[in-house]
Amino acid sequence: MKEILKKPLLFLLLLLLPLEKITAASEAEALVKWKTSLSSSGFLSSWSLSNATNLCHWTGITCDATGSVVKIILPTSNLTGTLDEFDFASLANLTQLNLNLNLLVGAIPSNISALSKLTHLDLSGNNFTQPIPSTIGRLSELQDLRLYNNSLSGVIPYQLLNLQKVRHFDLGSNYLESPESTATANMPVVTFLALNLNEMTSEFPPFILNCSTLTYLDLSQNHLTGPIPASLATKLNKIEYLNLTENLFQGLVPAAELAKLPGLKDLRLGKNGFTGTVPPEIGSISILQNLELHENPLMGPLPSSIGQLRNLERLTIMSAGLNSTIPSELGHCTNLTFIDLSTNNLTGALPPSLSNLTKISELVISGNKLSGEISSSFITNWTQLTSLQLQNNNLTGNIPSEIGQLTKLKTLYLFSNQISGPIPDEIGNMTSLQNFDVGSNQLEGELPNTVSQLKNLQHFQVYANKFSGSIPNDFGQGTSLDEVSFSYNNFSGELPPQICSGLSISSFSVNGNNLTGPVPACFRNCSELVRVRLEGNRFTGDISQAFGVHPQLVYIDLSGNQFSGELSPEWGDCTKLTMLNMAENRISGEIPKELGKLTQLQDLRISSNNLRGTIPPQLGDLGLLFNLNLSNNQLSGVIPSSISNLLKLQKVDLSANTLNGSIPQWFGDFSNLIAMNLSHNQLTGEIPFQLGNLNLQLFLDLSSNSLSGALPSNLAKLSNLENLNLSHNNLSGKIPWTFSGMISLTSTSVDFSYNNLQGTIPSTNLFLNASPNAYKGNPGLCGAKGLPNCDSTLTGISTNRRRTRNSVIIATIIPIASIIILITIASLILMARRKAIWGGGKFIFNEIVKATEDFDDKYCIGKGGFGRVYRAELKSGQTVALKRLEISGDYSVEKWRSFESEVRVLTEARHRNVVRLHGSCSTKGSMYLVYEYMERGSLGKVLYGEGEEMGWRERLRVVRGVAHAVAYLHHDCNPVVVHRDISVNNVLLEAGFEPKVAHFGTARLLNPDSSNWTTVAGSYGYMAPELAYTMRFTEKCDVYSFGVVALEVMMEGTQDVLDQCLPPPTGQLAVKVVVTLKMALACIRANPESRPTMWSVAQELPARTQAHLSDPFHSITMSKLTSFQK
C-alpha cells in the first residue's frame, strides 16, 4: 500500500474502486513482497502483480466472497527463506496459514499476532529457530497450532497455554524447555497435546492436569522425572492415548490407577526407570490395544493377567528383565498382531496356546533362554506372519516343514540356537522372504534347491553350521541379494555363476569351506561391494579377472586359496579399502605401484605368493597402515626409504624374500611397532642400535641374514619383547650383560645360534636356562647349559693366577652362601604370608612397598570404585602404576586360584592401546595389580581442565584408539576379556594423545566365580541400562560404556552440544566428527542386540565417510543426531 501511495494517479484511481478491491491489491502486494524475499519460490510462479486480478486463483490461495485472502495453504512447496518480509498486517482476514514441510528458517516473527482471525497455524517441518513468540497467545480464535519438527528453543511461553479455542496443540520435535512451574493452563477444549522430543525437565508438567478434555497426550523423549501423578486418572479421564516413552520417570507402574481410565487404548511407558514388576492390574485396562513397557528395570514375571487384554493388538516389553516362562494366557489375546519380548530372561518352551494368535504379523522373542522346539502347530496358524525372530535362544529340534506355509513372511531370524536337521524343501514356498538368518546352529545336509525360488531375498545367512554339498547352481539368479554368508560350513563345489547377477551384493562371506573353481564373473561388476571374505577355500582362477573396480569396498580377504595371475593396477582404484589380504595364494608378477593410492588402507597382507621385483616406494603413501606383511615371496632390492613414512605400523613382516642392503636406521622411529620380522633375506651390515628405541612386544626376528658386528646394547631397552631371534648371521662380540633387563623374554624365546658370538653368557635364569640350541654354532660362548665352562676356554693364564683366583672365589663363596641361606629362609617365611604371581618374577613386592613408603597417600594418583592407584619408582628406574584392591574376608581358596588364572590371561593382553598389566600380587586383605605407568594421566583429567587442550583430531584419535583397544579385548583375546568399567578415568594418555585403556578385568578379578553384577561393578553414568535387570555383564555392556566415553570426548562434557570451546571443524574433519558421534549413539542404544560389536565399531570409525553434512556443523547437537537415526 505504501508503494501505491507514492503514485498519485494510481492512488486517485483506487479511490474510485470498491474497498474490497483496495484490500485485494494490498494483499497481493504483500504476498509478492514476501515471495521476492524467498531464495527459492519457483512453486509460486503465479504470484505476480501483473496477475493481481486473479489473486484468488494464485497457487495455495483461497479467498472469501469479497475476494479477500482467507487461506494460504502451501505445504511441501520447496519454499526457502524466512518470514521476516511477511506482512501479516496486510492479511488481516487470514484464517488458515499452512507452510508445512518447507525450508523456512529464522525466527517466527512476533507480529504474527496481527492475524487476529487465524484459526489454523501450521509451520511444522521447517527449521525455525529461537524461542516461540509469546504473541501467538493473542491469537484468540486459534483452534489448531502445529509448530512441530523445527529447531525452536527456550521456554514454552505460558501465554500459549491459555488459547481458549485450541483443540490441536503440537510443539513436538524441537528444543523447547518446560514452562515455568507457576504456569497454569486454560485450554478448555484441547483434545490433542504433543510436546514430545524436546528438552523438558522436572516432573510431570502440572499444567497438563488442567486440560481435562485431552484424549491424546504425548510427552515422549524428554527428560521428565518422578512418578506418574496419581491424579492423572481422575483429572484426565478422557485420555485414549498416553505416551511417556523415553523419559526418566520412576516408581511403580500405576496400573490400578490407569485402569480407571475408561477409554485408554494406547499406553506407552517404555524406556524409563519404572521398577517393580509388570503389575497384574495391567489386565484390568480392558480396551487396551497397544501396551509398551520396554526397557524398564521391571524384573519379575510376565503376569498371566495379560491374557485379559482381549483387545490388545501390540505388546512390547523387550529388555525389561522378565524372568519367567511365557504365560499360556497370552494365547487368549487373539487380536495380537505384534509381540516383542526380546532381550529378557524368559525360559521354558513357547506355550502351545500361542497357536491361537492367528492374526500375529510380527513375533520377536529373541535374546532369551527359551528352549524346546518350534512346533508345527504354531506355523500352521501363524499364516499372517511377516517377521519371526527367535534368535539367540536355546531352541532345539528341526525347522518344521510347515514353514513353507508362511508365504507372507519377510524376515526369519533363527540364528544362535541349537536347531538341527536340514532346511526343509518347503522353504521355496516362502516367496516373500527377504531376510533369512539361521547362522550358528547345528543344521546339516545340503541346501535345498528350492532356496533358489526366493527371488525377493536380500539377506541370506547360513554361517557356522554343518552344511555340506554344493550351493544350488541357480541360487541368486533373478534376485537383488545384499548380504550373503555361507561361512564356516563344509560346502564344496563351485559358487553359483548367477549368485551376484543382481549386482547389488554389499557383503559376501564364504570363508572356511571347501569351495573350488573360479569366482563368478559377475563379481567383477558388483560396484556396491563393501565386504568380501573368501579365505580358507580352494578357489582358483586369475585374480586380475575375478575382481574389478569396487569404489565402496572396505574389506577383502582372499587368503588361503589358489588364485593365480598378477595383481591388477585396478586395485588402486578401490580407494575405501582398509583391509587387503591375498596371502597364501599363487599370485605372481610385481606389486603394483597403484596400491599406494589406497590411502585408507590399514592392513596389507600379500605374503606367501610368488611376487617378484622390488617393494614399490609408493607403499610409503599408506599413512594409516598398521600391518604390512609381504613375507615369503621373491621380492628383491633394498627396503625403500619411503616405508619410513608408515609411522602407524604395528606389525611388519618382510621375511623370506631376497631383500638386500642394510636394515634402515629409521625403523627405530616406528614408535607403535610391536612385531618385526626381517628374517631369511640377504640383509647385511650391523643391527641398528635405533631398534632399541622401539616398543616391540611380540617378536624381533632378524635371523638368517648376513648381519655382522656386535649386538647393540641398546636392544636391552626392549623390556616388553617376548621373542628374540638373531640366529644364522655373522654377529660377533659378547651378549651384552644389559640384555638381562629384557624381562619379557623367556628361556625358550631367545635364539643366538650360528653366529660368531663369544664370551660369558649373562648369568640370569633367562640365559642360563635357555636350550643349548639357542647358542649352538657360537664356539666362543661359555657358561651356560650345554656350553663349555668358561675356565676351559681361557688360554695363556698362569697357574699362579688360577690359584689366586680360586682363593678369592673360595673366600667369596662362603659369606655369599651364608647370605643366600638366610635369604632363602626369609623368603620361605614371606611366601607363607604372601602369594605373588608377578608376570615372571619381574618385581619385588617389598621394593614397591618401600617405593611408596607403605602406600603413603602422597603416592596415590587416583581413586576408583575398586581401590586406589599408586605411583612407584623402582630401583631400576622403571616407574609403574600399582592398583591396590581391597577384598572381602570371605575370599575363598577357589577364588584365589581363579584370581591367579584371570591375571595370567590379562597379562597376556598385548595391544598398542591397552595399558600393559605386568603382573600381580595378593596379600591378606588386598590384591595388587602392576601396570605400566602413563605420565600424562587419565583422559578425564585432560577433558576437565587438568591438562593440555585437545583439538578435534586428537579427540578422534582418542575415540578410535579406545575402540581398537576394546575390540582387541573382545575379539582377539582368548578367553574374551570384558572390561566392565570403561570410563574417561580408565583411559590413560601418552604422548600425542594416543589412548591406552587401563584397569580392564578388575571387576572380574574381584568376582571371578560369576559373570553377574552384584554390587557396584562400574562407574555410574557409564553402565549399560540392562545391568539393572539382567545383572549380567556382556560385551554389549562395554559397547554401551564406550559409547558414553565417545560422546563425552566429543561433546561439551555431558552437555547436549558439541564442545563449543573448540573452533568448529570443517570439511572432512567435520564429517568424521559427525560419523563418530553417530557411531557413539549407535553404541548407547537401549537394546543391547541393536548395538554394534566393538569389532565393527573399530572397522567403521576410520573408514566411513560421506560427501557433506546436511546441516551446518554449528547447529548439530546430540538430539539432532538422535533424530537423524530415526
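Guide: Gladly! Let us begin with a term: a crossing is called left-handed if the near helix is turned anticlockwise from the far one by less than a right angle, and right-handed if clockwise. Keep in mind that this is a predicted model. Here, the crossing of α16 and α17 is left-handed.

Visitor: What describes two packed helices?

Guide: The angle between their axes and the distance between those axes. In this model, α16 covers residues 1035–1050 and α17 covers residues 1067–1083. Their axes lie 7 Å apart, at an angle of about 145 degrees.

Visitor: Which residues of α16 and α17 meet?

Guide: From α16 come V1039, Y1040, F1042, G1043, A1046, L1047 and M1050, and they meet V1073, T1076, L1077, A1080, L1081 and C1083 of α17. By type, this contact has 11 nonpolar residues, 2 polar ones and no charged ones.

Visitor: How is α13 oriented relative to α16?

Guide: Angles over 145 degrees count as roughly antiparallel. Helix α13, residues 952–971, crosses α16 at roughly 170 degrees, and the two axes come within 10 Å. Therefore α13 is roughly antiparallel to α16. Among the contact residues are W952, R955 and H970 of α13, along with E1035, D1038 and F1042 of α16. This contact divides into 11 nonpolar, 1 polar and 3 charged residues.

Terms used
Residues are numbered from 1 along each chain as its sequence is written. This is a predicted model: local features need pLDDT of at least 70, side-chain atom pairs count only at pLDDT 80 or more; totals for chains, interfaces and linings use all residues. Side-chain values use heavy atoms; hydrogens and water are left out. Axes are lines fitted to C-alpha atoms, for helices over the stretch in contact, and angles run from 0 to 180 degrees between N-to-C directions. Helices (H or I, at least four residues) and strands (E, at least two) are DSSP runs, numbered from the N terminus. Contact means heavy atoms within 4.5 Å. Ala, Val, Leu, Ile, Met, Phe, Trp, Tyr, Cys and Pro count as nonpolar, Asp, Glu, Lys and Arg as charged, and the others, Gly among them, as polar. Angles under 35 degrees count as roughly parallel, over 145 as roughly antiparallel, 65 to 115 as roughly perpendicular and the rest as oblique.
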